[in-house]
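Let's work through this one together, a question at a time. Keep the picture open while you read.

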Amino acid sequence: MKRFAVWGALAAPAMAGAPDSIWRRLLRLEPAMLLWLFAMGVLLALVANPMFRLAVASFEEPETGRWTLANYIAAYGSARQLQALWNSLELGIGVALLSGVFGIPIAWAISRTDMPAKPLVRLLIFGAFITPPYLGAISWILLAGPNSGWLNLTWMTLSGADHGLFNVYSMSGLVAVVAFSSFPYVFVLTESALDLVPSEMEDAASILGAGVLHTTLRVTLPLVLPAILGGLVVCFLEAIALFGAPAMIALPANFQVASTQLWQFFEFPVRAEQAAAYAMPLLLITVLMIWLQRSLTGRRGYAAVTGKSGERRPIRLGAWRWPMLGYALLVCSLSALLPLLVLLQAAFSRAWGRGLSVGNLTLQNFRYILFEEAQAREAILHTFAYAGASALAAIGLAFVIAYLVRRRLVPGAGLLAFLCMSPIVIPGIVLAIGFYAAYSAPPLALYGTSLMMILAFTTRFLPVGYASASAGMQSIHPEMEEAVRSLGGGRLLAIRRVLVPLLKKNLAGAWILVFIPAARELSTAIFLVGPNTRVISVMLFDLSEEGNFEVLAALGAILVATSILIATIGFRVIGRDFMLRRGP
Amino acid sequence: MSKLVLRGLEKLYGASVAVAGVDLALDEGEFVSLLGPSGCGKTTTLRMIAGFVDPTAGSIEMDGMVLSSPSGSVPPERRRMSMIFQSYAVWPNMTVEENVAFGLKLLRIPAAELRRRVDEMLDVVQMRHLSQRYPAELSGGQQQRVALARAIAIKPAVLLLDEPLSNLDASLREEMRIEIRRLHEEFHLTTVHVTHDQAEAMATSDRIAVMNAGRIEQVDAPHALYTNPRTRFVAGFVGRTNLIEGDCSGTEVVFERVRMPRSALPNASSLAGKVTFSIRPQSLRLWRREAGLAGRGPRVEIQVTARTYLGDHWDYLVLPLGGSTKLRVASPPLEVYAVGESAVLEFDPGQMAPLA
């Protein structure tokens, strides 16, 4: 009976009666409430405050703090600045369409047909996915620079012409370069939707006399239209939010897009308030498009969302298998193979333009980065430290919030989930300007500190972590934890002994999913970086301005190799498709 | 003194009522099932007993001490109960042995004693040869045995079973309910068992509490519940039945086409006015018209209107001649009547139950 006495005593205060029952309830909820308050505080600081400060700054006179519309007038006052917005729109639409042209046929071929060499195509698309867009841009400058690019040189040698075929420094060049890096989104979303369409859907059309092409165009693709459109929207948003590739290509070509224009506002003298005003359309259009995408892919009645797949047989392409493979390999060569090859060539060259010869081979670029140049070493260190720390922070926060939401511990947990997912509608550049507006001034004066970088990266990739943690949490039956508690273990023990061990792989996967994009993030970093917090992406950008392509290529190769290494570990530990399957 | 007492227990979710005033007392070592259709509040009641849900009104007491009340509740981990879940909830990251030892470790049982008790429990559920396996390598039935061993190993003050067999296939379910009853006879744990399967409740329980729309309609031993249902709902939910209305104004109870002396019916002395009676199909008997029926019970001429052969019995639907209420009769396989054939239907007043 001794044991009974113990918990009898614990139960006793609970019976103290009605007058203080509300007080008791508050006390009883305390741990969960505290967690809620903590998570709420962090989210307000990371998400709500920067956005609020951004909006306020856009309406404020910087010196006096008075309300004004002058910032908007200044930001949109010149034709050049309006043209930049228009160019962004053009870029976004062009990239989305071109990504569809690249991604949809390959997705169909891999999911529905007997095209050969599927694993190779997949691998190359993964290569395109893991190469940061700004490195793709560098590679294409080396490939299609007006006079010195490899493709142009080859063309001139072969045809005897006195000028090259391609000019990467143009709007069409920029559209192509960005599309090469963003078409994997269309591919992944379309392919996973196609994987859910049962062959019976196509059989039903063929039995009525429709041919393969007709069936594909009229039945199969319309069934996955929401997924395709979702992919196109993602590509559009990627393109308009991108900073690196446009800065490397558009500026030499003497035109601006919205992101590079925003960058100009940060040149001396810094006009953050005008940048804030100028960032608004970018933010609004992203909110709108994400809403559009959600309502597209959220619609019922499409096979893509029923999840039940019947028997599936690949369509036999016959002789057409080879042209199909040819097309897939062409796209993959342009997006992954050629850029990575030319990057490696430059990385191991004394001078990239001298081509592949023994005399031109050197390890000096790597030696320079790893051993001679302290700044490069520091940048590498910073990159992985910041990416690792922000991945850890994002996953930790996401885990806590997903736990509160999924286990319904507190009312109002839905608000946490909303805040946690909302950075998905904030372009990286806009987020950076918000952080600048909120935390660069005293008393915090975080501008140029490591903390600023880590907090911004954490915020930027919080949705990735949350989607992952929340899905994992949902897959674990609450009874798993209740079983612990019914046997006498507390909530914390249940988390430690059951929940965390069961979610280990999920959390590791989420960490990688945050780490890889955080390690290559440029558009947030470029606005928040200080002399002591340089990261690889920023250093690559600076090297490109100096035209030092050999060292740049070596540093880029290190970044890509590390990303591939970590992703490979992820595939090994967590399962093959953990990265490519997930929609962004 | 009762071991576990539920007093006026209520649970509201916003405006919807999940549990609407449940009173129930369990004696030490008693096995009680909460039986009812889905949505009747039985699982919510069980989760309130476990401490996962706080009541809106009423209280739960164990050994005279309040565990749950609207002003505060002892958390689940301090109730010294244990629970078996619908999903088994066997932790996939621990071996069978680790699962069973978990609760004992929390009780800080010395290592040697712990080993002994884990082995003993694994023997009881016949899982010792699989003690190093992980749950993913076990069948559903084996996982449920692990869950049973894990829950019983700590010798809980009260054992809670939440539809533990609903995820098993039919034959395994039958085997496991015998297993559950056997374990109860071995350990005599005070047990609350939630189920929607009446056969499961009957096979395992000392008493069954039939729940409907958040209330307990009747609590009785399985046999009494079947033979003497007290409400229309219980009569219909526990087994199949016929409902017929009789007039209890005089010394005879008068049904549509048959009458019988009040004294022949159980619990009928105080009945008055129109009363509905439950008559089990098994208590009705068909006779050929030419059979000598002198000395038999009250009877009526009927015509067979439909029949179904179910292997172990015939299921006849019969209509008394000149009557309007069809009755269902269960007859042994060899008593064959054709559809349209006339016969005599005999009632057994002793097996007729008046409903409230």
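Helices (H or I, at least four residues) and strands (E, at least two) are DSSP runs, numbered from the N terminus. One more thing before we start: this is a predicted model.

Q: What is the mean pLDDT of chain B?
A: pLDDT is the predictor's confidence in each residue, from 0 to 100. In chain B, 100% of the residues reach 70 or more. The mean pLDDT of chain B is 91.

Q: Where in chain A does Asn254(A) lie?
A: Asn254(A) has a phi near 65°, a positive value in a residue other than glycine. As for its place in the chain, Asn254(A) sits in the loop between α13 (244-249) and α14 (258-265).

Q: Is Gln126(B) buried or exposed?
A: Gln126(B) also turns up in a loop, the one between α3 (111-124) and α4 (140-153) of chain B. Its phi is near 55°, a positive value in a residue other than glycine. Count the other C-beta atoms within 10 Å and you get 12, so Gln126(B) is exposed.

Q: Which strands stand at the edges of the open sheet in chain B?
A: Five strands form this sheet, in the order β16-β20-β17-β18-β19, and the pairing is antiparallel. A strand at the edge has a single partner, so one side of it is left without a neighbour in the sheet. In chain B that describes β16 (285-287) and β19 (327-331).

Q: What is the bridge partner of Gln303(B) in β18(B)?
A: Strand β17 (residues 299-309) and strand β18 (residues 314-320) of chain B pair in the antiparallel sense over seven bridges. The partner of Gln303(B) in β18(B) is Leu319(B).

Q: Are α18(A) and α27(A) roughly parallel or roughly perpendicular?
A: Helix α18 (residues 364-372) and helix α27 (residues 549-574) of chain A pack with their axes 9 Å apart, at an angle of about 70°. Residues that meet include Phe366(A) and Ile369(A) in α18(A), with Val551(A) and Leu555(A) among those in α27(A). Angles of 65 to 115 degrees count as roughly perpendicular. The two helices α18(A) and α27(A) are therefore roughly perpendicular.

Q: Is the peptide bond from Pro442(A) to Pro443(A) cis or trans?
A: Pro443(A) is found in the loop between α21 (428-439) and α22 (450-474) of chain A. Omega for the bond from Pro442(A) to Pro443(A) is near 10°, and the bond is cis.

Note on methods: Residues numbered from 1 in each chain as written. Chains lettered and ligands numbered in written order. Predicted model: local features only at pLDDT ≥ 70, side-chain atom pairs only at ≥ 80, totals over all residues. Buried ≥ 20, exposed ≤ 12 C-beta atoms within 10 Å, placed from the backbone. Pairing = 2+ DSSP bridges. Axes fitted to C-alpha atoms, helices over the stretch in contact; angles between N-to-C directions. Parallel < 35°, antiparallel > 145°, perpendicular 65-115°, else oblique. Contact = placed C-beta atoms within 7 Å.
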